[in-house]
Amino acid sequence: MVSEKMKSVLVHYNQGLTLYKSRKFVEAKEEFKKALAIHPEDGPSKLYIERCDDYIADPPPEDWDGVYNMKTK
């Protein structure tokens, strides 16, 4: 059974993911931050915040397929 707290995290995380895939990285980051406010140890939200920051600073090409390319190993 999923707790109400985790349901709230998932709502924000899924909204963030939808925005991320739509190239709305600033808005997506805000949703992932809301998920972290509820559950500070949410690893996936932390990861996507980093990716949003990368894409805000250096947007992906127009033909971006949603795949994140790591810059370092």
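A crossing is called left-handed if the near helix is turned anticlockwise from the far one by less than a right angle, and right-handed if the turn is clockwise. In this predicted model, the crossing of α2 and α3 is left-handed. The crossing of α1 and α2 is likewise left-handed, and the crossing of α1 and α3 is left-handed as well.

## Overall architecture

The protein contains 3 helices and 0 strands, and its elements follow the order α-α-α from the N terminus on. Helix α1 covers residues 4-21 and helix α2 residues 25-38, while helix α3 comprises residues 43-57. The C-alpha trace spans about 40 × 25 × 20 Å along its principal axes.

Of the 73 residues in the protein, 30% are buried. The accessible surface amounts to about 5200 Å², and carbon and sulfur atoms account for 55% of this area. When contacts between residues at least 6 apart in sequence are considered, 51% of them join residues at least 24 apart.

## Packing of α1 against α2

Two packed helices are described by the angle between their axes and the distance between the axes. For α1 and α2, the axes come within 8 Å and cross at roughly 165°. Because angles over 145 degrees count as roughly antiparallel, α1 and α2 are roughly antiparallel to each other.

On the α1 side, the contact is made by Lys 5, Ser 8, Val 9, His 12, Tyr 13, Gln 15, Gly 16, Leu 17, Leu 19 and Tyr 20. The α2 side contributes Phe 25, Glu 27, Ala 28, Glu 31, Phe 32, Lys 34, Ala 35 and Ile 38. By residue class, this contact of α1 with α2 holds 10 nonpolar, 4 polar and 4 charged residues.

## Packing of α2 against α3

The axes of α2 and α3 lie 9 Å apart, and the two helices pack at an angle of about 160°. This pair is therefore also roughly antiparallel. From α2, the residues in contact are Phe 25, Val 26, Ala 28, Lys 29, Phe 32, Lys 33, Ala 35 and Leu 36. Their counterparts in α3 are Ser 45, Lys 46, Tyr 48, Ile 49, Cys 52, Asp 53, Tyr 55 and Ile 56. The contact of α2 with α3 divides into 11 nonpolar, 1 polar and 4 charged residues.

Several α2 residues of this contact, including Phe 25, Ala 28, Phe 32 and Ala 35, also take part in the contact with α1.

## Packing of α1 against α3

Helices α1 and α3 pack at an angle of about 25°, with their axes 11 Å apart. Since angles under 35 degrees count as roughly parallel, α1 is roughly parallel to α3. Here Tyr 13, Leu 17 and Tyr 20 of α1 meet Pro 44, Ser 45, Tyr 48, Arg 51, Cys 52 and Tyr 55 of α3. The residues of this contact comprise 7 nonpolar, 1 polar and 1 charged.

## Ser 45, a buried residue of α3

Ser 45 lies in helix α3. Its relative accessibility is 0%, and Ser 45 therefore counts as buried. Residues up to four places away in sequence aside, Ser 45 touches Tyr 13, Phe 32, Ala 35 and Leu 36.

Arg 23 is placed in the loop between α1 and α2. Although not a glycine, Arg 23 has a positive phi of about 70°. With a relative accessibility of 28%, Arg 23 counts as partly exposed.

Ser 3 lies in the segment before α1 and, at 36% relative accessibility, counts as partly exposed. Ser 3 and Val 26 are 23 residues apart along the chain, and their C-alpha atoms are separated by 28 Å. Val 67 is found in the segment after α3, where a relative accessibility of 44% makes Val 67 partly exposed.

Definitions and conventions:
Residues are numbered from 1 along each chain as its sequence is written. This is a predicted model: local features need pLDDT of at least 70, side-chain atom pairs count only at pLDDT 80 or more; totals for chains, interfaces and linings use all residues. Side-chain values use heavy atoms; hydrogens and water are left out. Axes are lines fitted to C-alpha atoms, for helices over the stretch in contact, and angles run from 0 to 180 degrees between N-to-C directions. Helices (H or I, at least four residues) and strands (E, at least two) are DSSP runs, numbered from the N terminus. Angles under 35 degrees count as roughly parallel, over 145 as roughly antiparallel, 65 to 115 as roughly perpendicular and the rest as oblique. Contact means heavy atoms within 4.5 Å. Ala, Val, Leu, Ile, Met, Phe, Trp, Tyr, Cys and Pro count as nonpolar, Asp, Glu, Lys and Arg as charged, and the others, Gly among them, as polar. Buried means under 20% relative accessible area, exposed over 50%, partly exposed in between (1.4 Å probe, protein chains only). Accessible areas come from the Shrake-Rupley method with a 1.4 Å probe; for residues, only the protein chains shown count as cover.
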